[in-house]
Amino acid sequence: MQILKRTSWLFLVVVSCILITNCDSNAVFDQYQPVPNQWNKDSIASFNFKAPDTTSNYNLYVNLRNTDDYKFSNLFLIVELNYPNGKAVKDTLEYKMAAPNGELLGTGFSDLKENKLWFRGFKEAFKFKEEGDYIVNIQHAMRNNGEVNGVENLKGITDIGFRVEKAQK
């Protein structure tokens with residue numbers, strides 16, 4: 001009987017830990033795509049999701065996981081937001097990826113860092129004005145200094161993600 005109680009208690013602790021770490025009440029959409037080996041300049045990460053609602057404010061993020069193989073201090077991305085009615089908004093964005101001393105920014109304990117990069121919602125509230133399916137496309141636009149052609153294969157990016165969060169009031 002006592003073994004059964006310990007087993008039940010251990011099971012409850014394990015399930016509670018999983019639920020606590022996996023629950024994120026603000027996340028409406030959060031998805032990653034792995035990058036096999038290197039991120040080719042022509043490779044586009046595409047994310048398809050339904051508008052949560054048209055009355056609330058949201059924060060939109062590009063999420064990246066990178067290793068020490070990432071050798072740049074910044075990152076240029078082309079991010080395209082496609083609305084249900086066919087309208088598309090395309091931005092070229094720059095993100096800081098390393099401190100002045102060369103240490104990679106982001107969270108993580110090992111050589112794998114995770115970066116949550118603002119896309120929409122940081123300057124003014126973002127609302128999904130149309131109901132339906134939205135598509136976000138993300139592509140890198142990195143260049144070496146002094147070179148016209150872009151970096152063909154970007155090393156060090158392991159996963160590309162997109163996240164929609166309900167904005168805090």
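Strand β5 (residues 74–82) and strand β8 (residues 133–140) pair in the antiparallel sense over 6 bridges, where strands are DSSP runs of E with at least two residues, numbered from the N terminus, and two strands count as paired if DSSP finds at least two bridges between them. Within this pairing, Ile78 has Gln139 of β8 as its bridge partner. The model is a predicted one, in which local features need pLDDT of at least 70 and side-chain atom pairs count only at pLDDT 80 or more, whereas totals for chains, interfaces and linings use all residues. Residues are numbered from 1 along each chain as its sequence is written, and side-chain values use heavy atoms, with hydrogens and water left out.

Strand β5 also pairs with β6 in the antiparallel sense, over 9 bridges, and Leu75 stands opposite Tyr95 in β6. These two strands form a hairpin with 5 residues between them, and Gly86 in the turn has a positive phi of about 105°. An open, antiparallel sheet of 4 strands is formed in the order β3-β8-β5-β6, with β3 (45–50) and β6 (88–96) as the edge strands, each of which pairs on one side only.

Leaving aside neighbours within four places in sequence, Ile138 is in contact (heavy atoms within 4.5 Å) with residues including Trp39, Val62, Ile78, Ile160 and Phe162.
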